[in-house]
Amino acid sequence: MSAADHGREALQADAAALGLSLAPEAADRLLAYLQLLAKWNATYNLTAVRDPVLMRTQHLADCLAVVPSLRRRSAAGRPARILDVGSGGGLPGVVLASVDPAWDVTCVDAVGKKAAFVRQVAAELTLPNLHAVHARVEALAPQSFGVVTARAFATLVDFTRLTRPLLAPDGVWMAMKGQRPEAEIAALGQDIDVFHVEPLRVPGLDAERCLVWMRVR
């Protein structure tokens, strides 16, 4: 078995462990994304993880773990526009856009080279539903995203405060966290409703993960 076939098989196994049926073209896009990430990382330092196997687990599987939950929200009638704040090299934004073409995903980052990388990914992988913006999130004009997400971006207080003008009236925040952030939840104002803290199990990753779902009360 070639290295490419092995990587594809391993990725499909990760997806299956998460209850996902990953289309072959989506798997190929995700593996091509990892190759681009590794290539650009040599110059632009997009991620501290450099081992291909660890990248698949800590980046792809970690982000794929949120897909079932996000699909349930989408099925409930939530708008398909997603904003990924502090996206860095495109996590989770690139993964989400690669898996579901119905999701229109915008990645925003204050570092120009990271936004440029996501634009390159969108072009090379032919993802018209993936966009990149080079800006500080608080400088963006008010918009209306159905889901605003972030992975290791800031505290919940700062995350919700900085992005509130970008949230649709019936939108939700989806914060990707490690351990359940009790102190951060307690620090939120009374106007923020933490309506669900969802534990996640990431295949191959021996670490706690959770999603903190929030909305304006």
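Two residues are in contact when heavy atoms of theirs lie within 4.5 Å. On that basis, alanine 168 of this predicted model touches Ser144, Phe145 and Gly146, with neighbours up to four places away in sequence set aside. Alanine 168 belongs to strand 5, residues 167-177. A residue counts as buried under 20% relative accessible area. Alanine 168 has 5%, so it is buried. Its C-alpha atom is 16 Å from that of alanine 150, a residue 18 places away along the chain.

Helix 7 spans residues 156-163. Its buried residues are Leu156, Phe159, Thr160, Leu162 and Thr163. Several elements cover them. Among these are strand 1 (81-85), strand 4 (145-151) and strand 5. Helix 8 (182-187), strand 6 (192-200) and strand 7 (209-216) also take part in the cover.

Helix 2 runs over residues 24-44, and helix 6 over residues 112-124. Their axes come within 11 Å and cross at roughly 150 degrees. Angles over 145 degrees count as roughly antiparallel. Helix 2 and helix 6 are therefore roughly antiparallel to each other. The crossing is right-handed. On the side of helix 2, the contact is made by Tyr33, Leu36, Leu37, Trp40 and Tyr44. Helix 6 brings Lys113, Ala116, Phe117, Gln120, Val121 and Glu124. By class, eight of the contact residues are nonpolar, one is polar and two are charged.

Helix 2 also packs on helix 3, residues 52-64. Here the axes are 11 Å apart and the angle is about 125 degrees. Helix 2 and helix 3 are therefore oblique to each other. Helix 2 passes helix 3 in a right-handed crossing. Leu30, Tyr33, Leu34, Leu37 and Ala38 form the helix 2 side of this contact. Pro52, Met55, Arg56, His59, Leu60 and Leu64 form the helix 3 side. Nine of the residues in this contact are nonpolar, one is polar and one is charged. Tyr33 and Leu37 of helix 2 take part in the contact with helix 6 and in the contact with helix 3.

The largest nonpolar core holds 52 residues. Within it, Tyr33, Leu64, Phe117 and Leu130 touch the most other members. Helix 2 gives the most to this core, with nine residues. Tyrosine 33 itself touches Leu60, Gly89, Gly90, Leu91, Val94, Phe117, Val121 and Leu125, leaving out residues up to four places away in sequence.

Aspartate 14 lies in helix 1, residues 3-17. Its relative accessibility is 8%, so aspartate 14 counts as buried. Beyond its neighbours within four places in sequence, aspartate 14 is in contact with Arg56, Ala61 and Pro203. Leucine 18 sits in the loop between helix 1 and helix 2. At 15% relative accessibility, leucine 18 counts as buried. With the neighbours within four places in sequence again left aside, leucine 18 touches Ala61, Leu64, Ala65, Pro68, Arg201 and Pro203. Leucine 18 and arginine 201 are 183 residues apart along the chain, yet their C-alpha atoms are separated by 7.9 Å.

Most residues other than glycine have a negative phi, and most peptide bonds are trans. Leucine 91 and proline 92 are joined by a cis peptide bond, with omega at about 10 degrees. Proline 92 is in the loop between strand 1 and helix 5, residues 93-99. Threonine 126 is not a glycine, but has a positive phi of about 55 degrees. This residue is placed in the loop between helix 6 and strand 3, residues 130-134. Threonine 126 is exposed, with a relative accessible area of 61%. Alanine 152, also not a glycine, has a positive phi of about 55 degrees. The loop between strand 4 and helix 7 holds alanine 152. At 73% relative accessibility, alanine 152 counts as exposed.

Notes: Residues are numbered from 1 along each chain as its sequence is written. This is a predicted model: local features need pLDDT of at least 70, side-chain atom pairs count only at pLDDT 80 or more; totals for chains, interfaces and linings use all residues. Side-chain values use heavy atoms; hydrogens and water are left out. Axes are lines fitted to C-alpha atoms, for helices over the stretch in contact, and angles run from 0 to 180 degrees between N-to-C directions. Helices (H or I, at least four residues) and strands (E, at least two) are DSSP runs, numbered from the N terminus. Angles under 35 degrees count as roughly parallel, over 145 as roughly antiparallel, 65 to 115 as roughly perpendicular and the rest as oblique. A crossing is left-handed if the near helix is turned anticlockwise from the far one by less than a right angle, and right-handed if clockwise. Ala, Val, Leu, Ile, Met, Phe, Trp, Tyr, Cys and Pro count as nonpolar, Asp, Glu, Lys and Arg as charged, and the others, Gly among them, as polar. A nonpolar core is a set of buried Ala, Val, Leu, Ile, Met, Phe, Trp, Tyr and Cys residues joined through side-chain atoms within 4.5 Å. Buried means under 20% relative accessible area, exposed over 50%, partly exposed in between (1.4 Å probe, protein chains only).
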